[in-house]
Amino acid sequence: PSDADGVVIGLDGLSGGVWSYDPFDSYARGEITSPSMLVLGAIGRGKSALVKTYLSRQVENFAPQIFVLDPKGEYAALARQLGLAHLALAPGGHQRINPLEYEGPERFSRRAEILEALAAVSIARGLEPAERAALAVLAHDLPFDATLRDAVDALGDPNATLSAALRLPPDQAAATLRPLFLSLGRLTTGALAGMLDGASTAHLDPDGPGAVVDLSATFG
């Protein structure tokens, strides 16, 4: 149904009137079970234009936060228009995000969650209990300004603390964690190096207006 308080989408093909919609408002009223949206259409029918104008109108009317993962590198102009941070990540590029950088009160748990997420994607399977335990230890023991490269180095050469947490001698701990070390290592020394393996060159404010992250250099 058309939401009178929502952002204008276009014209209603049946009534000819203006059709507006806000998924968050409709979700809050219990009209839908999820505030997610999916935009489908043939090539060249204006899907990207719809999304960009929709986001722009959301900011102008309701001032929400806007975060865009941009696989084609087409949202830079929108970022400038809306005052969003713009970060272009590319292997060997000049901009980086340190995924371990977090200054909030939940820093250790957030670090562990991020390390687990990156590891699971890199290793392409569910993590073993020993691997999860190791990442939890690293989340607490790595220095405040640690980077992903520091985490990978620690997995490749487990210290006494990490070995003791796994209740294994250092050589067996290293063998147990070797798949994790090699998989995460792709983000620091492999084809994807230079995006997540150093200090952040830009700081994305979680309380700010939002950000556009250009991933076109790795798309596909």
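**Notebook: rings, a hairpin and the overall build**

I started with a charge over a ring: K52 lies over the face of Y75, at 5.2 Å from the ring centre. A reminder to myself that this is a predicted model.

Next I looked for aromatic pairs and found one in the structure. W19 and Y21 make up that pair, and I noted it as stacked, with 5.7 Å centre to centre and 10° between the planes.

Are the two partners buried or exposed? W19 is partly exposed, at a relative accessible area of 28%. Y21 counts as buried because its relative accessibility is 14%, and the cut-off for buried is under 20%.

Strand β1 covers residues 7-11 and strand β2 covers residues 18-21; they run antiparallel, joined by four bridges. I found G10 opposite W19 of β2. The two strands form a hairpin with six residues between them, and in the turn G16 has a positive phi of about 80°.

For the whole chain, I counted eight helices and five strands. Their order along the sequence is β-β-α-α-β-α-β-α-α-α-α-α-β. The radius of gyration is 22 Å, well over the 17 Å that the globule rule gives for 220 residues, so the chain is more spread out than a compact globule. Along the principal axes, the C-alpha atoms fill a box of roughly 75 × 40 × 35 Å.

Last, I checked burial and surface. Buried residues make up 34% of the 220 in the chain. The accessible surface is about 12,800 Å², and carbon and sulfur atoms hold 57% of that.

Note on methods: Residues numbered from 1 in each chain as written. Predicted model: local features only at pLDDT ≥ 70, side-chain atom pairs only at ≥ 80, totals over all residues. Heavy atoms only, no water. Phe/Tyr/Trp six-rings, centres within 6.5 Å; stacked < 30°, edge-to-face > 60°. Buried < 20%, exposed > 50% of the residue type's maximum accessible area, 1.4 Å probe, protein only. Lys NZ or Arg CZ within 6 Å of the ring centre and 35° of its normal. Pairing = 2+ DSSP bridges. Rg over C-alpha atoms; globule rule 2.2 N^0.38 Å. Areas by Shrake-Rupley, 256 points an atom, 1.4 Å probe, with all protein chains shown as cover.
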